[in-house]
Amino acid sequence: MQSLGLDVLFKGVNFIRLLKGLWVSVKISLISVSISILLGLICGVLMTSKNRIIRGVFRIYLEIVRIIPQMVLLFIVYFGSTRALGINISAEMSAIIVFVFWGTIEMGDLVRGAITSIPKIQYESSYALGLSTFQVYYHIILPQTLRRLIPLSINLVTRMIKTTSLVLMIGIVEVFKVAQQIIEANRRSSPNAAFGIFLVVFLLYFLVCWPISRLAAHLEKCWA
């Protein structure tokens, strides 16, 4: 165990610090996903609009998120907002803003895909029964959309949890940052600590993401 560098985990409260760092990552992800799901539902419906301008705006939004790396967005919000706008935003708030900005349009695109996959005959039948557009979406389209969307949105949760590893670049003490601190503090006494510590970080991420991933696969199989 010492050759793998795992011995440093049992020094002081190193392992507890690692778990606290993991919780920071999970907390940022959960807050971001919760907001992204709500905003994404609205965006997804708007992305199916017949108005070309509305669809064009969301298409540009989607392409921006897909093209620009999340790390660049983190730097723009955290450092750029302070310099350009004179606004002091905490690192955690900056991370949440970026992940909500990213997650909202990703969720919106999932919603759009789920809505457009519903056969047109259901729209036509609903309108033929005299339902309004709001009633069609509220009673017919959205319930089916949510059923198709849940497995996909759960996968988005795991992607967000993994992507939170980038927030160490703006000073947030999450699990990777704690791992680096432990490795640096024990570099002389445990030169192999990097391997063991990052192996534990891998296992922690696995233990968090694997059950979520299996839940998504189960729901997708049950509701296919």
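Let's start with where helix H2 meets helix H4: Phe58, Tyr61, Leu62, Val65 and Arg66 in H2 touch Val100, Phe101, Trp102, Thr104, Ile105 and Asp109 in H4, contact meaning heavy atoms within 4.5 Å. By class, that contact has eight nonpolar, one polar and two charged residues; here Ala, Val, Leu, Ile, Met, Phe, Trp, Tyr, Cys and Pro count as nonpolar, Asp, Glu, Lys and Arg as charged, and the others, Gly among them, as polar.

A quick word on the source: this is a predicted model, where local features need pLDDT of at least 70 and side-chain atom pairs count only at pLDDT 80 or more, while totals for chains, interfaces and linings use all residues. Residues are numbered from 1 along each chain as its sequence is written, and side-chain values use heavy atoms, leaving out hydrogens and water.

Helices (H or I, at least four residues) are DSSP runs, numbered from the N terminus. The axes of H2 (residues 52-67) and H4 (residues 91-116) come within 10 Å and cross at roughly 125°. Axes are lines fitted to C-alpha atoms over the stretch in contact, with angles from 0 to 180 degrees between N-to-C directions.

Now to our other pair. H1 (residues 14-46) and H6 (residues 133-163) pack at about 145°, their axes 10 Å apart. Ser29, Ser32, Val33, Ser36, Leu41 and Val45 are the H1 side of this contact, and Tyr137, Leu142, Leu146, Leu149, Val157, Met160 and Ile161 the H6 side. That gives 10 nonpolar, three polar and no charged residues.

How values were computed. Helices (H or I, at least four residues) and strands (E, at least two) are DSSP runs, numbered from the N terminus.
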